[in-house]
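Welcome! Let us walk through this structure together, one part at a time.

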Amino acid sequence: MSFSSDTKDELARIEPESVCCMLAELAAIVSVSGTIGLMSAGRMRLTVESENAATARRVYTLFKRLFDVQPELTTLRHTRLGGRNTYRLTLHDDEAAFALEGCGILRRSEQGHIGIRRTIPKDIVSRKCCRRAFVRGAFLAGGSIANPEREYHLEFVVSDENFAASLMKFIGKYDLNVKVVHRKGSYVIYLKEGEQIVTLLSLIGAHAALCELENIRIQKDIRNNVNRMVNCDSANLQKTLDASTRQVEAIEYIRDHYGLENLPPLLCEVAKLRLDYREVSLQELGEMLDPPVGKSGVNHRLRRLYDFAQELRQKSEGGTPT
């Protein structure tokens, strides 16, 4: 089972708060994954398809509880798609029209003309609980979420451009930075930020998926922080080693071309210690001096030695120093 399938299975087990919530959820499912066929002699067919068995059972139950109709259930087996099944639920004629009108999708004019609503029906989502149920239904029908171990990505795939714009605006009211892209004839509304995906999962009631995603986010943050600390420590160690190498080279040059014993006592002492303890930090080096000296004091003395070595080199290039 994928993370996305597990999330849908969790959502499909949620008991709606009221009839209005069931209606909002079903309206979203039909709007996203339903197909309406208008045939001759006023006949009509409504089909809803899903690759998720839990979602298909949910749709069947909602049709039965809300409209007392029993959709025909057909299982389509795909040999080319890893053996996955598609579950198709079908309503015909009066039952289809009854369910579509109840969901706010089918509209009849006074003259009897039939119209199909391509946006979210406002009367269906007038209450806060119903708005949450509508987003949940949209996810059950056309949503998916990537494994957060790999990436943060949640999306809704819808076929109708007007409904995609309506759904994007609807979700955006929850301060979610949703974006849309046209992909293979469909419209994909998506979120890419972990925190925003958490907010949406909370909105639709996927609390188990939310907790799992949060745990993964925490683990990722810990790993990233550890990596940053290791990289920082490695960089600081390399910086210390590079500085130590320059200091030792300068002291060795002074030793070979001038003599450490000719240096002032404070410089001579730190020079000898640096030659003996090449990999210790400035703080550790300062603690070895008598009396001990702070990090800045040690750095000052080593800097004087480095500058003196540079002077010796300059004099050497111009002639033998006296």
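A residue is called buried when its relative accessible area is under 20%, exposed when that area is over 50%, and partly exposed in between. Keep in mind that this is a predicted model. With the cut-off in hand, look at Phe134: its relative accessible area is 0%, so Phe134 is buried. Phe163 has a value of 3% and is therefore buried too. The ring centres of Phe134 and Phe163 lie 6.4 Å apart with the planes at 45°, so this pair counts as tilted. Because Phe134 belongs to helix H5 (residues 128–142) and Phe163 to helix H6 (residues 161–172), the pair ties together parts that are 29 residues apart in sequence. Phe170 joins in as well: ring pairs link Phe134, Phe163 and Phe170 into a cluster.

Next comes a sheet. Four strands make up an open sheet, in the order E1-E2-E4-E3, with antiparallel pairing. At its edges are strand E1 (34–38) and strand E3 (72–77), each of which pairs on one side only. On average, neighbouring strands here are turned by 25° against each other, direction ignored. E3 is joined to strand E4 (residues 85–92) by 6 bridges, and Glu72 has Thr90 in E4 as its bridge partner. Helix H2 (residues 19–33) packs on this sheet, where it touches E1 and strand E2 (44–50), and its direction makes about 95° with that of E2. Helix H4 (residues 93–102) lies across E1, E2 and E4, at about 100° to E4.

Helix H4 also takes part in a ring contact. Which aromatic pair is edge-to-face, at 5.4 Å centre to centre? Phe67 and Phe98 form that pair, with 75° between the planes. Since Phe67 lies in helix H3 (residues 53–67) and Phe98 in helix H4, the pair ties together parts that are 31 residues apart in sequence. Phe67 counts as buried because its relative accessibility is 9%, whereas Phe98, at 46%, is partly exposed.

Now follow the chain to strand E10 (residues 186–191), where 5 of the 6 residues are buried. Strand E8 (residues 154–158) pairs with E10 in the antiparallel sense over 5 bridges, and Phe156 has Ile189 in E10 as its bridge partner. Strand E9 (residues 179–183) is also antiparallel to E10 and is joined to it by 5 bridges. E9 and E10 form a hairpin with 2 residues between them, and Lys184 in the turn has a positive phi of about 50°.

Finally, visit two charges over rings. Lys8 lies over the face of Phe139, 6.0 Å from the ring centre. The charged end of Arg313 sits over the ring of Tyr253, at 4.4 Å from its centre.

Definitions and conventions: Residues are numbered from 1 along each chain as its sequence is written. This is a predicted model: local features need pLDDT of at least 70, side-chain atom pairs count only at pLDDT 80 or more; totals for chains, interfaces and linings use all residues. Side-chain values use heavy atoms; hydrogens and water are left out. Buried means under 20% relative accessible area, exposed over 50%, partly exposed in between (1.4 Å probe, protein chains only). Two strands pair if DSSP finds at least two bridges between them. Axes are lines fitted to C-alpha atoms, for helices over the stretch in contact, and angles run from 0 to 180 degrees between N-to-C directions. Contact means heavy atoms within 4.5 Å. Rings of Phe, Tyr and Trp (its six-membered ring) pair if their centres lie within 6.5 Å; planes under 30 degrees apart count as stacked, over 60 as edge-to-face and the rest as tilted. A charge sits over a ring if NZ of Lys or CZ of Arg is within 6 Å of the ring centre and within 35 degrees of the ring normal.
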